[in-house]
Amino acid sequence: MTITAPSTPRAAAMSRDTAMRLAATEYQRFLDLLRALGPGDWARPTECPGWDVHAMASHALGMVELAASVREQHRQMKLARSRGGVFIDALTGLQVDERQHMTPEQIIERFAARAQKAARGRRRTPGFIRRRTMPERQPVGGRDEAWTIGFLVDIILTRDPWMHRADICRATGADHVLTAGHDGVLVADVVAEWSVRHGQSCTLRLTGPAGGSWKTGDGGPLIETDAIEFCRALYGRAHADGLLAVQVPF
């Protein structure tokens, strides 16, 4: 299957108001999950290689602090660039390393203190900044592609804790809170982007609270699976073939 890279930087498809509503809700749900974890849960391994729950929460906190402060954003990005290698790996590695000494209580306390500020900071990002192209190209499905800053601010910074919330629930057995009005909207945006990326005809039926049905073109395969498993497949968390092998960033 040939996937054509977009000729212009990838931008957010959903409205800014919707994106910011999802951001605030996702930060709260992630915080609620951290608060619900038991002492033994933080050392449990996740499906992200090399990360236990503590490391994943440290990364999530690092991203919240990056979004909450322009000064902190510049600091993290400068240090990540100095590490070399794939930028996103360097950035997330930095976030985990800098917070590995923190107790779960400290992570929860700081996440609670920064999350609302992060949501406000993302909402206040002006249009002329959002339309700019990010300096680093992002690896997706074996390709490096250009994103607008708005795509990062509106979409990726919410998809990231959303997927990690699922990771932590799978690792710990914690209750995975899912609703159509929040998770269903996130999944629908992922489906829309995935459909553009593969450009093929298909019928998609996703089950669960975040699910729904979509049809593109005429004919093509019928894909029926759980909504969260669908997103895990597109992110590379689970084995996937055919159209499900077309990756979407989280």
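How are helix 7 and helix 9 oriented to each other? The views below come from a predicted model.

**View 1. Helix 7 packs against helix 9.** The two helices, residues 149-172 and residues 227-235, meet at an angle of about 110°. Angles of 65 to 115 degrees count as roughly perpendicular, so helix 7 and helix 9 are roughly perpendicular to each other. Helix 7 makes the contact with Trp162, Met163, Ala166 and Arg170. Helix 9 brings Ile228, Glu229, Cys231, Arg232 and Tyr235. By class, six of these residues are nonpolar, three are charged and none is polar. The helix axes lie 11 Å apart.

**View 2. A salt bridge joins glutamate 229 and arginine 170.** Their N and O atoms are 3.2 Å apart. Glutamate 229 sits in helix 9 and arginine 170 in helix 7, 59 residues apart. Glutamate 229 is partly exposed at 28% relative accessibility. Arginine 170 is partly exposed at 44%.

**View 3. Glutamate 145 meets arginine 197 in a salt bridge.** The N to O distance is 2.7 Å. Glutamate 145 belongs to strand 2 and arginine 197 to helix 8, so the pair ties together parts 52 residues apart in sequence. Glutamate 145 is buried, at 5% relative accessible area. Arginine 197 is buried too, at 8%.

**View 4. Glutamate 98 pairs with arginine 75.** The closest N and O atoms of this salt bridge are 2.8 Å apart. Glutamate 98 is in helix 4 and arginine 75 in helix 3, so the bridge ties together parts 23 residues apart in sequence. Glutamate 98 is partly exposed at 27%, and arginine 75 is partly exposed at 31%.

**View 5. Salt bridges link up into a network.** The linked residues are Glu65, Glu72, Arg75, Glu98, Arg99, Arg110 and Arg114. The whole structure holds 25 salt bridges.

Terms used. Residues are numbered from 1 along each chain as its sequence is written. This is a predicted model: local features need pLDDT of at least 70, side-chain atom pairs count only at pLDDT 80 or more; totals for chains, interfaces and linings use all residues. Side-chain values use heavy atoms; hydrogens and water are left out. Axes are lines fitted to C-alpha atoms, for helices over the stretch in contact, and angles run from 0 to 180 degrees between N-to-C directions. Helices (H or I, at least four residues) and strands (E, at least two) are DSSP runs, numbered from the N terminus. Angles under 35 degrees count as roughly parallel, over 145 as roughly antiparallel, 65 to 115 as roughly perpendicular and the rest as oblique. Contact means heavy atoms within 4.5 Å. Ala, Val, Leu, Ile, Met, Phe, Trp, Tyr, Cys and Pro count as nonpolar, Asp, Glu, Lys and Arg as charged, and the others, Gly among them, as polar. A salt bridge is a side-chain nitrogen of Lys or Arg within 4 Å of a carboxyl oxygen of Asp or Glu. Buried means under 20% relative accessible area, exposed over 50%, partly exposed in between (1.4 Å probe, protein chains only).
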